[in-house]
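Welcome! Here is a short briefing to read alongside the sequence and the 3D view.

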Amino acid sequence: MRRNDVRTTVRLRIKTEVLTSRKRKRMEQISGRDTRIIKEYLRIIYHNEDKLSLVNEKRRVDKGMLDHLTLSTFKKTMSPQRPTVRHDFKKRFSRCSQNEFQECKEKAATIYHCQQTTMKHPAQKYSQNKIPRTQHAHNNRFILSCCPNNTIARWWVGVRDSFDSQKNNRRYHQKLWLPLSCSPYHEKKLNSGKIKSLELLYFSKKKEWWIHFTLTHNPKLYTSSGPPAVLGIDLGINKRAVSALLTPKGIINRHEIRFWSDKTRNKIIRKNENKIANLQNKLVNPNTTQYQRKDLQKQLINLRKKVKEIQVLTDHTYVNMLVKYILSLGKRYDLFVVVGLPLHIRKSHFRGNQKPNSRKTIHQWNFRRVIQLLKYKLSFQGWEDHKVMAIGESWTSSKCSSCGSYNSIRPRQSTFMCKNCGYEINADLNGAKNIAKRLISYVLQPKYNTIKDLLTDKYFPLSCFRVFPVLGQWLKTMQKFPHKSGAGVSI
Ligand SMILES: [Zn+2]
């Protein structure tokens, strides 16, 4: 995978309603057998992990060793010359081909690795569901084709039927051609990248079959010949974000200050929250009957789902606006985006700190999702990881962005006043400016050789920010008031 490759998944439903019962049965058979093989592989991995030193330091499975335990290279299973292996998969699953064993083994190895790194119990995640095997496009494991004149479906995927069919005393393999329900939106997505692999999934709740395609995109790397600039973004709840642009000129450009707010979103969410509260009150009421209670619980589940959907959808639209703005700035400047991540804000809003209302809003505030979306959407435009950073925002709202003093007051929630130099500015804008300045100070007054992105926990060397010295004048006043240490939080 190249450095600036971006991966996406396109999920398409298989039109099972037009499938023959034979094909449906085949899909069930294939996925059932795959699940059994993958679980068996997993069992063997867990059984032998210490004894046969299957795992190395990185907790990855030694696949060669696993082959040694499970597969014999000798094809004829009935031959007496066949060497014995401890778990002979070819005897147990005689209708499975070498490639399919390979794919199942890889899947089992990745599941094992995930479970080791996330410390999940092995039986936890995949106890009930069917486990899909990943089929890779580079081995010609499947064909995706577009048939514009077909009346059943426009898009079809041909997956290898891994069970033999018998015809005229001959064994042969067919392709399972599966029709996909594909909207123009998904079609556009499918055409935008290179298809790498697919997984065949079954959702038992809805009784639907789905295909998940993994695509890779290789966007053109973002470079700019313009002067360097840092865009500081301070995230908020009511005002969703404030941004300030620091350019080599050394003054804040009044035209490049942006306040993003979304009043309709807050209104809709508050309305639904009230509805939820009403329902919860009714549930607690001792007079409600059991029958009513069940109904209320159903309504509650639906409402909560709705609120979550609204939150995710509005986050997308708002980040899209941000991205559009950032891209327009990126044409004029060699732009670095830095977002303040309120790391410890949830810890400071514990139960019993006398602010129950703000606690609720703060715990529902999904700042990580916003930053993740921003990073993801910009990576699609070829922005490298170090161009979009998330750094700690502690103390940025109580520090004066003009003189660097911490001696400040907030006469109102929205205004910031410095007692040291008398500077008055919008409080959120002050925060955004400080966040941008903090990145510059990390580079030009370095304590460490690397800068950590708090969202992805990646470290970037200072050489990534080679163009920063011209931004040095932003830090002139900061030297008088050194950076306050300690992880305090100010709201
Ligand atoms: Zn000041």
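## Where a helix meets a sheet

Contact means that the C-beta atoms of two residues, placed from the backbone, lie within 7 Å. Helices (H or I, at least four residues) and strands (E, at least two) are DSSP runs, numbered from the N terminus.

This is a predicted model, in which local features need pLDDT of at least 70 and side-chain atom pairs count only at pLDDT 80 or more, while totals for chains, interfaces and linings use all residues. Residues are numbered from 1 along each chain as its sequence is written.

- Strands of a sheet pair through backbone hydrogen bonds, either parallel or antiparallel.
- Strand 1 and strand 9 run antiparallel and are joined by 8 bridges, and V6 has H217 in strand 9 as its bridge partner.
- Strand 1 is also joined to strand 7 (residues 175–181), by 2 bridges and again antiparallel; there, I14 has L180 as its bridge partner.
- Strand 2 and strand 8 (residues 194–203) are antiparallel too, with 2 bridges, and H136 stands opposite S197 in strand 8.

- Strand 16 (residues 415–418) is joined to strand 17 by 3 bridges, and T415 stands opposite N426 in strand 17.
- Because 17 of its 18 residues are buried, helix 12 is largely enclosed by the rest of the structure; buried means 20 or more other C-beta atoms within 10 Å of a residue's own, exposed means 12 or fewer, and partly exposed is in between, with C-beta atoms placed from the backbone.

**The nonpolar cores**

- A nonpolar core is a set of buried Ala, Val, Leu, Ile, Met, Phe, Trp, Tyr and Cys residues joined through C-beta atoms within 7 Å.
- The largest has 44 residues, of which V230, L231, V338, A436 and L439 touch the most other members.
- Among the elements giving two or more residues to this core are strand 10 (228–235), helix 8 (290–332) and strand 13 (334–341), while helix 12 gives the most, with 8 residues.
- Beyond its neighbours within four places in sequence, V338 is in contact with V230, G232, M389, I391, I435, A436 and L439.
- A second, separate core of 16 residues includes V10, F142, L198 and L200.

**A residue in helix 11**

- Q372 lies in helix 11 and counts as partly exposed, because it has 16 C-beta neighbours inside 10 Å.
- In sequence Q372 and T456 are 84 residues apart, yet their C-alpha atoms are 9.0 Å apart in space.

**Confidence**

- The chain has a mean pLDDT of 83, and 89% of its residues reach 70 or more; pLDDT is the predictor's confidence in each residue, from 0 to 100.
- Confidence is lowest in helix 5 (residues 122–125), with a mean of 54, and highest in strand 13, at 93.

How values were computed: Pairing = 2+ DSSP bridges.
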